[in-house]
Amino acid sequence: MNGYDAVDRALLKALADDPRATVVALADRLKMSRNTVQARMARLDASGAFMSFERSIDPAPLGYPLEAFVAVHARQKVLADVVRELARIPEVIQAHGLSGQVDLLVRVVGRDAHDLFRIDEEILAIDGVERTETSLVMGELIPYRLAPLLARSG
């Protein structure tokens, strides 16, 4: 999908405001028929507009109260292998490939400082990883959001 029309943007804004909204609730809120909302949702979904529907779960109650970002410097020729190995580490909850000085930015969770040290050692042990730089997360200041962009593009 190349872009969103006004109806798509209104629907996406309503979903950003209330991600758990049902089709009926969205239809009521947007003053549209349920069938229109259902058809638009199906089209948006088929076009790849929606990211993962996996619930964001707080890892702290699972016993992982610490979060860190690990900047990974790796050999370019084996980057795909490094990513495959990172995915095998349960405490790795997200990873992004970057341009610039850092190759990968890896989000990890740990039980305590010793656990984060162990996780960093595990990442360093991956063939192709040259070095890491770990930064402890002190708090999320701006959560993932798109509502301001949807409001601007309307």
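1. The structure is a predicted model, in which local features need pLDDT of at least 70, side-chain atom pairs count only at pLDDT 80 or more, and totals for chains, interfaces and linings use all residues. Residues are numbered from 1 along each chain as its sequence is written, and side-chain values use heavy atoms, without hydrogens and water.

2. Helix H1 (residues 6-17) packs with helix H3 (residues 34-46) at an angle of about 90 degrees, their axes being 11 Å apart. H1 is therefore roughly perpendicular to H3 (angles of 65 to 115 degrees count as such). Helices are DSSP runs of H or I with at least four residues, and strands are runs of E with at least two.

3. The contact (heavy atoms within 4.5 Å) involves Val7, Asp8, Leu11, Leu12 and Leu15 of H1, and Val37, Arg40, Met41, Arg43 and Leu44 of H3.

4. The largest pocket has a volume of about 2,300 Å³. Its lining comprises 46 residues (those with an atom within 4 Å of a point of a 1 Å grid), and Ser52, Glu54, Arg55, Ser56 and Tyr144 lie nearest the pocket centre. At least two lining residues come from each of H1, strand E1 (66-74), strand E2 (92-97), strand E3 (104-110) and helix H6 (147-153).

5. Asp112 is found in the loop between E3 and helix H5 (113-124). With a relative accessible area of 35%, Asp112 is partly exposed (between buried, under 20%, and exposed, over 50%, with a 1.4 Å probe and protein chains only). Asp112 and Leu66 are 46 residues apart along the chain, yet 6.3 Å separates their C-alpha atoms.

Note on methods
Axes are lines fitted to C-alpha atoms, for helices over the stretch in contact, and angles run from 0 to 180 degrees between N-to-C directions. Angles under 35 degrees count as roughly parallel, over 145 as roughly antiparallel, 65 to 115 as roughly perpendicular and the rest as oblique. On a 1 Å grid over the protein atoms alone, a cavity is a set of points where a 1.4 Å probe fits but cannot get out, and a pocket is an open set with protein on both sides within 12 Å along at least five of seven lines; lining residues have an atom within 4 Å of a point. Grid points are joined across faces, edges and corners, and a volume is the space filled by probe spheres set on the points.
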